[in-house]
Amino acid sequence: MTGRVLVVSGTGTDVGKTVVTAALAALAAAAGERVAVLKPAQTGVARGEPGDLAAVAALVPGVTTAELARYPEPLAPETAARRAGLPPVTPGAAVDAARDLAADHDLVLVEGAGGLLVRFTPDGTLADVAATLGAPVLVVAAAGLGTLNHTALTTDALAHRGIACAGVVVGSWPAEPDLAARCNLADLPAVTGVPLLGALPERSGTLRPAEFARVARHTLAPALGGVWHSSRP
């Protein structure tokens with residue numbers, strides 16, 4: 001394995017994980033890197049329908065994408081696989097795929113399904129993938145009330161397993177943030193002990209590629225290739 005691997009996990013579903021993954025890919029591609037995005041398990045999408053990787057490819061043309069399995073029901077991968085009568089994606093298969101991609105890419109982004117401990121198999125999660133790869137995890141969080149607890153639980157789970165946390169990104173920053181969202185910019189790093197590395201505006205996923213890349217640059221921190229600072233969301 002030559003390229004670096006970054007695992008992207010949410011604090012739950014619908015927090016903007018796919019758009020953040022695309023933003024990371026856009027910045028790396030703009031810097032001249034060869035980028036691959038791996039989605040080990042896609043759920044809630046039928047065969048032939050566009051899934052998360054289609055959204056990434058639309059926002060970042062030319063990025064390499066790889067999906068190992070998909071299941072039609074919008075459930076945790078292990079549950080969805082069982083109900084569909086299909087084999088689950090094992091953490092080992094995800095690790096092997098990431099390593100294969102890293103052999104000829106500079107950056108491999110591994111996007112999970114839902115949260116860190118959502119199961120791929122009865123005894124395997126995204127955390128196991130990150131631990132085996134020795135890869136850091138970027139946590140994508142919601143903006144508003146309740147996110148401090150969910151994010152702290154996720155970063156605590158990473159620390160308990162000895163997995164490095166690259167930081168936290170707010171996946172969908174509202175156009176008119178409420179008091180809780182504004183306070184969370186300061187409170188998230190204080191509560192989790194890891195840096196806040198960006199806040200992508202809501203509906204960023206609807207932008208054209210060039211505008212999306214510009215927004216990604218201005219709303220992700222220098223550690224991720226952007227110019228954003230938490231004092232100016």
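I began with Thr147, which counts as buried because its relative accessibility is 2%, under the 20% cut-off. The model is a predicted one, and I keep that in mind throughout.

**Thr147 and its surroundings**

I looked up where Thr147 sits. The residue belongs to helix α6, residues 147-160. Thr147 touches Ala141, Ala142, Asn184 and Leu188.

**Helix α6**

I checked the length of α6. With 14 residues at 1.5 Å a residue, the helix should span 20 Å.

Which residues of α6 are buried? I noted Thr147, Thr151, Ala152, Thr154, Thr155, Ala157 and Leu158. A reminder to myself: an α-helix has 3.6 residues a turn, so residues three or four places apart point the same way.

What covers the buried residues of α6? The cover includes strand β7 (137-141), strand β8 (165-173) and helix α7 (179-192). I then looked at the direction of the packing. Helix α6 lies across β7 and β8, and runs at about 165° to β7.

I also looked past the end of the helix. Gly162 follows α6, and its phi is positive, near 70°.

**The sheet**

I traced the strand order next. An open sheet of 7 strands runs β3-β2-β4-β1-β7-β8-β9, with parallel pairing. Its edge strands are β3 (64-71) and β9 (196-201), each of which pairs on one side only. From one strand to the next, the twist averages 20°.

- β2 (residues 35-43) pairs with β3 in the parallel sense, over 7 bridges. Val37 stands opposite Thr65 in β3.
- β2 also pairs with β4 in the parallel sense, over 4 bridges. Here Leu38 stands opposite Val110 in β4.
- β1 (residues 4-10) runs parallel to β4, and 6 bridges join the two. The bridge partner of Arg4 in β4 is Leu107.

How much of β4 is buried? I found the strand mostly covered, with 9 of its 9 residues buried.

**The largest pocket**

I turned to open space. Rolling a probe the size of a water molecule over the atoms shows where empty space is left. The largest pocket has a volume of about 430 Å³.

Which residues lie nearest the centre of the largest pocket? I wrote down Thr13, Asp14, Lys17, Asp52 and Gly114, out of 21 lining residues.

I then asked which elements supply the lining. Helix α1 (17-30), β2 and β4 (107-115) each give at least two residues to the lining of the largest pocket. The largest share comes from β2, with 4 residues.

**Glu78**

Is Glu78 buried or exposed? Its relative accessibility is 9%, so Glu78 counts as buried. The residue lies in helix α3, residues 77-84.

Leaving aside neighbours within four places in sequence, Glu78 is in contact with Arg119, Phe120, Thr121 and Pro122.

How values were computed
Residues are numbered from 1 along each chain as its sequence is written. This is a predicted model: local features need pLDDT of at least 70, side-chain atom pairs count only at pLDDT 80 or more; totals for chains, interfaces and linings use all residues. Side-chain values use heavy atoms; hydrogens and water are left out. Buried means under 20% relative accessible area, exposed over 50%, partly exposed in between (1.4 Å probe, protein chains only). Contact means heavy atoms within 4.5 Å. The expected span of a helix is 1.5 Å times one less than its number of residues. Two strands pair if DSSP finds at least two bridges between them. Axes are lines fitted to C-alpha atoms, for helices over the stretch in contact, and angles run from 0 to 180 degrees between N-to-C directions. On a 1 Å grid over the protein atoms alone, a cavity is a set of points where a 1.4 Å probe fits but cannot get out, and a pocket is an open set with protein on both sides within 12 Å along at least five of seven lines; lining residues have an atom within 4 Å of a point. Grid points are joined across faces, edges and corners, and a volume is the space filled by probe spheres set on the points.
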